[in-house]
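Biologist: Please walk me through this one, and keep it short.

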Amino acid sequence: MKKTGIFYGSATGTTADVAQRIAAKLGIADADIHDVAGTAPDTLGAYENLILGSSTWGSGELEDDWYDFADGASSLDLSGKKIALFGCGDETMSDTFCDAVGELFARFKKSGAVFIGEFPADAYKFTESKATNGNTMRGLLIDEVNHPEMTDDRILMWTEQLKKEM
């Protein structure tokens with residue numbers, strides 16, 4: 001597998017924990033896991049594969065640390081790179097479930113990178129999400145509030161899929 005970096009924003013630690021669990025399944029070293037709060041956006045350039053994750057806040061917003069990072073990354077040419085997205089949310093926020101994944105997609109879609117890692121969210125119950133892409137989601141959605149029992153299986157299935165797509 002080509003060099004992979006995980007970049008996440010986490011206010012409560014849940015998304016950080018999920019990032020670590022994804023890294024463990026993909027064999028990614030701790031040095032390649034980056035909290036965007038303390039990372040320069042040009043760090044993205046060191047990797048061929050980028051895994052980006054955020055929790056969803058408020059009425060569907062990114063975790064706060066993502067805004068400056070994404071703004072800085074907007075000037076980067078990420079052509080030739082692959083981006084996979086993941087997000088943490090609460091399905092009881094039915095009209096904004098994991099919207100941060102959709103926000104990351106919107107912010108990075110003009111970067112030149114190719115998006116990989118679409119994943120079904122059929123086991124969750126929600127009415128609307130910016131993370132949807134037809135019958136799939138733009139990445140892995142995790143609900144540790146209502147469905148922590150699903151997290152390990154979803155991470156395993158998604159990381160096995162990513163290994164084929166990277």
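**Loops, helices and a pocket**

Modeller: Start with Cys98, which lies in the loop between E5 and H3. Those labels are DSSP runs numbered from the N terminus: helices (H or I) have at least four residues, strands (E) at least two. This is a predicted model, in which local features need pLDDT of at least 70 and side-chain atom pairs count only at pLDDT 80 or more, while totals for chains, interfaces and linings use all residues. Residues are numbered from 1 along each chain as its sequence is written, and side-chain values use heavy atoms, with hydrogens and water left out.

Biologist: Fine. Is Cys98 buried or exposed?

Modeller: Cys98 counts as buried, at 1% relative accessibility. Buried means under 20% relative accessible area, exposed means over 50%, and partly exposed is in between, with a 1.4 Å probe and protein chains only.

Biologist: What is phi of Cys98?

Modeller: It is near 50 degrees, a positive value in a residue other than glycine. Most residues other than glycine have a negative phi.

Biologist: Next, Asp90. Where does it lie?

Modeller: Asp90 lies in the loop between strand E5 (82–88) and H3.

Biologist: Which side chain does the Asp90 side chain make a polar contact with?

Modeller: That of Thr92, at 2.6 Å. A polar contact is a pair of N or O atoms within 3.5 Å; within protein, one must be able to donate a hydrogen and the other to accept it, and residues adjacent in sequence count only if both atoms are side-chain atoms.

Biologist: And which residues does Asp90 touch, not counting those up to four places away in sequence?

Modeller: Phe97, Asp143, Val145 and Asn146. Contact means heavy atoms within 4.5 Å.

Biologist: Let's do the largest pocket. Which residues lie nearest its centre?

Modeller: Thr56, Cys88, Gly89, Asp90 and Val145, out of 19 lining residues. The elements that give two or more residues to that lining are H1 and strand E3 (49–57). E3 gives the most, with three residues.

Biologist: How is a pocket found?

Modeller: The search runs on a 1 Å grid over the protein atoms alone. A pocket is an open set of points with protein on both sides within 12 Å along at least five of seven lines; a cavity is a set where a 1.4 Å probe fits but cannot get out; lining residues have an atom within 4 Å of a point.

Biologist: How much space lies in the largest pocket?

Modeller: About 320 Å³. That volume is the space filled by probe spheres set on the points, which are joined across faces, edges and corners.

Biologist: How many charged residues are in the lining?

Modeller: Two, along with eight nonpolar and nine polar residues. Ala, Val, Leu, Ile, Met, Phe, Trp, Tyr, Cys and Pro count as nonpolar, Asp, Glu, Lys and Arg as charged, and the others, Gly among them, as polar.

Biologist: Change of topic: Thr15. Where is it found?

Modeller: In helix H1 (residues 14–26). Thr15 is buried, with a relative accessible area of 1%. A polar atom of its side chain is 3.5 Å from the backbone nitrogen of Ser55. Beyond four places in sequence, the contacts of Thr15 include Tyr8, Gly53, Phe86 and Cys88.

Biologist: Now the helices. Which residues of H2 are buried?

Modeller: In helix H2 (residues 65–73), they are Trp66, Phe69, Ala70 and Ala73. Seen down the axis of H2, they fall within an arc of 95 degrees, so they line one face of the helix. The arc is that of the directions from the helix axis to the C-beta atoms. They pack against strand E1 (4–9), E3, strand E4 (61–62) and helix H3 (99–108).

Biologist: And how many residues of H3 are buried?

Modeller: Eight of its ten, so H3 is largely enclosed by the rest of the structure. Among them are Asp99, Glu103 and Phe108. The cover over the buried residues of H3 includes H2, E5, E6 and strand E9 (139–142).

Biologist: Last one, Ser111. What does its side chain reach at 2.7 Å?

Modeller: The backbone oxygen of Phe108. A polar atom of the Ser111 side chain also lies 3.2 Å from the backbone nitrogen of Ala113. Ser111 is in the loop between H3 and strand E6 (114–116). Ser111 is buried, with a relative accessible area of 10%.
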